[in-house]
Amino acid sequence: MTITKGWCLLVFLFIQLVVMALLYREGKRLAYFFDNFFKNGSSSLVFPNPQNLSLPGDIYANLRLITRQHCPEVSPYIRGPIHIQFPEALTLEEVVQKTPNVTKGGRYKPTDCESTHNSAIIIPYRNREQHLKYLLYYLHPFLQRQQLNYGIYIITQSGDFTFNRGKLLNVGFKEAMKDEDWDCMLFHDVDLIPEDDRNLYTCDRFPKHVSIAIDKFGYKLPYKSIFGGVSALTPEHYLKVNGFPNNYWGWGGEDDDFAARFNLLNKTEETWKQNGINSVQYNVISKELHPLYTNITVDIGTDKA
Ligand code: BGC
């Protein structure tokens, strides 16, 4: 039997017709599914006869919700350099009033678009109320102008033993990751205020030193490998180098050790695998959701124990 070109064409057209009819039918079923889902909050899979289904206009309104726009790559609210002042009479209550769109625990998501960035700001802390007040005053609007989803964590060292920044940062990382799947961690000193919102609090392919120009240092790096102040790392970066060392009690050094974990220098070469996020020991004393931040008070022991 010979199959003519004409027959082939007819069969091909028939198959196309069947496929199109199926697509049309399934499209209606899907539209009904979403309509039902958004109206009743239920994803019932029981459909009426699709033949009798007409598409009401509000289905389209609901579908618009699903496809909420991603925030633009460059936020339209970025302003560049701002002038920082420290109004003496400012109180924390006033800062709370001036920052109305933040939810409990210091969380924020842009209202007009879907942000692709989830940044946790981790601040090691003890007895620095003034610094904290000014930082919150400037940091919240700064992060909002960048259109980020973010949360601010204050990790308070309990007692009055020697401070340990590295260990507190390890605690902050662990505790913040219990709350949410953050994709970027900003390790942030309480006494540094960002002056230019073009410096994005997001993560890059490589670990990022964020506080690269500080007024105290004449807006220059004091030395090339400095990694203190503010840094931004993905959880993958952080885990890869086993976090910060736990044994730097008192001021300085922990950030240099941390930076060395990326190219392994001196003593760090021998110790980093055992000394870090995998060995940090602590007891959470309390966790409170304040209007502008989450406070986690933690007992991290002492240099003696
Ligand atoms: C310290 C660092 C500190 C840097 C800048 C260094 O001597 O070891 O911890 O970040 O100075 O203050």
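Is V102 buried or exposed? V102 is buried, with a relative accessible area of 12% (buried means under 20%, exposed over 50%, partly exposed in between, with a 1.4 Å probe and protein chains only).

This is a predicted model, in which local features need pLDDT of at least 70, side-chain atom pairs count only at pLDDT 80 or more, and totals for chains, interfaces and linings use all residues. Residues are numbered from 1 along each chain as its sequence is written, and side-chain values use heavy atoms, without hydrogens and water.

View A. The C-alpha atoms of V102 and P291 are 7.2 Å apart. Along the chain, 189 residues separate the pair.

**View B. V11 in helix α1.** Helix α1 spans residues 5-40 and holds V11. V11 is partly exposed, at 46% relative accessible area.

**View C. The largest pocket.** Its volume is about 1400 Å³ (the space filled by probe spheres set on grid points, joined across faces, edges and corners). Of its 48 lining residues, D189, D191, L192, I214 and G229 are the closest to the centre. β2 (118-125), α4 (129-145) and α7 (254-260) each give two or more residues to the lining. A pocket is an open set of points on a 1 Å grid over the protein atoms alone, where a 1.4 Å probe fits, with protein on both sides within 12 Å along at least five of seven lines; lining residues have an atom within 4 Å of a point.

Technical notes:
Helix = DSSP H or I, 4+ residues; strand = E, 2+ residues; numbered from the N terminus.
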